[in-house]
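This report describes selected structural features of a protein chain.

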Amino acid sequence: TPFTLNEVQTFLLTSGIKLNQKHILDLYMALGGVPHYLSFVRRGLSATQCIDEIFFQKDGALVNEFERLFASLFNESDIYANLVRKIAKHRYGVGQSQLIRECKMTKGGRMVQKLKELEDAGFIMSFLPYGHQEKGKYFKIIDEYILFYLHWIERHLNSIRKQDQSSGYWLSQAKSAGWKSWSGYSFEAVCNKHISQIRKALNIDPGAHVGAWRYISKSQKEESGAQIDLLFDRPDDAITICEIKHSDKTFVIDKACAQNLKNKIEVYKKQTRVQKQIFLAMITSAGLKSSKYSEELISQEVCLNDLFES
């Protein structure tokens, strides 16, 4: 089981490494909560400098970790690694039957077993989306290191190994458009590992069912689809829908974002025919700015400090 953010903070302090919550989150989004990976963080460096040193230098501690990791855990490791690569291409999840087709595996039973092993290892999570044409489980990546490696390292592996990347490479990439997309995906993975902290911050009963929800429109004539990152189906006749947003600055709900949130709730209500009270909560990495839209839509907020609770 990976360390939580709170445990990472404590772990780093034992080595005299004092970083604020934002820097620890940045490290977690690349390294996850794996103590071995966190042991490579050096005192006196920022999160950006640590990531640059660990991943983007020729002798970086985790440059070649992907191959070692799968080889140490699985026989036929190439099959498992390929499965993970296929799943990682689908941010909102990919169906089991589609994976079987893409991987050209004739025996579905073998695929099911391998997916179970990947889920047991903590690399992926399964969920059942509502309203999709294909039945069965969907899968998505929830391991931060895997997400980081596949998005940032693998395509540049040859140049990193040849030392073509100069020091400071990650600083330039951490402001790119690709970073914004990846950081949102990775922050969702972090939140999936801190469900108990989120539940506590929202004061949600332990008996509430935790899940994700997805609807894909079967026709262009129908309403648009909707993706819900996290929801709590509560025993008090209510459902809390959580919207997860990562940003370096205080997040602002503008008109377009507000409309998207309203659409999610409308589609969810229509497709599930749920009669329960719906509450909308916001989980942010840098806080939520008060506005007319936030006042109208958001009933509760979870901030980074909440995720650091023990």
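## Terms and basis

Two strands are taken to pair if DSSP finds at least two bridges between them. Helices (H or I, at least four residues) and strands (E, at least two) are DSSP runs, numbered from the N terminus.

The model is predicted: local features need pLDDT of at least 70, side-chain atom pairs count only at pLDDT 80 or more, and totals for chains, interfaces and linings use all residues. Residues are numbered from 1 along each chain as its sequence is written, and side-chain values use heavy atoms, with hydrogens and water left out.

## The five-stranded sheet

Five strands form an open sheet in the order S4-S5-S6-S7-S8, with mixed pairing. Strand S4 (209-215) and strand S8 (300-302) stand at the edges with a single partner strand each, so one side of each has no neighbour in the sheet. From one strand to the next, the twist averages 30°.

Strand S6 (residues 238-245) and strand S7 (residues 277-284) run parallel and are joined by eight bridges. Ile241 stands opposite Leu280 in S7.

## Helices on the sheet

Helix H12 (residues 177-192) packs on the sheet and touches strand S5 (226-234), S6 and S7; contact means heavy atoms within 4.5 Å. The direction of H12 makes about 135° with that of S6. Axes are lines fitted to C-alpha atoms, for helices over the stretch in contact, and angles run from 0 to 180 degrees between N-to-C directions. Helix H14 (residues 255-272) lies across S4, S5, S6 and S7, and runs at about 95° to S4.

Lys140 lies in strand S3 (residues 138-141). With a relative accessibility of 8%, Lys140 counts as buried (under 20% relative accessible area; exposed is over 50% and partly exposed in between, with a 1.4 Å probe and protein chains only).

The side chains of Lys140 and Glu188 are joined by a polar contact of 3.5 Å. Such a contact is a pair of N or O atoms within 3.5 Å; within protein, one must be able to donate a hydrogen and the other to accept it, and residues adjacent in sequence count only if both atoms are side-chain atoms. Leaving aside neighbours within four places in sequence, Lys140 also has contacts that include Ile87, Arg91, Phe123 and Phe127.

## Helix H9

Nine of the 10 residues of helix H9 (residues 144-153) are buried, so H9 is largely enclosed by the rest of the structure. Among the buried residues are Glu144, Tyr145, Phe148 and Trp152. At the start of H9, a side-chain oxygen of Asp143 comes to within 3.2 Å of the backbone nitrogen of Tyr145.
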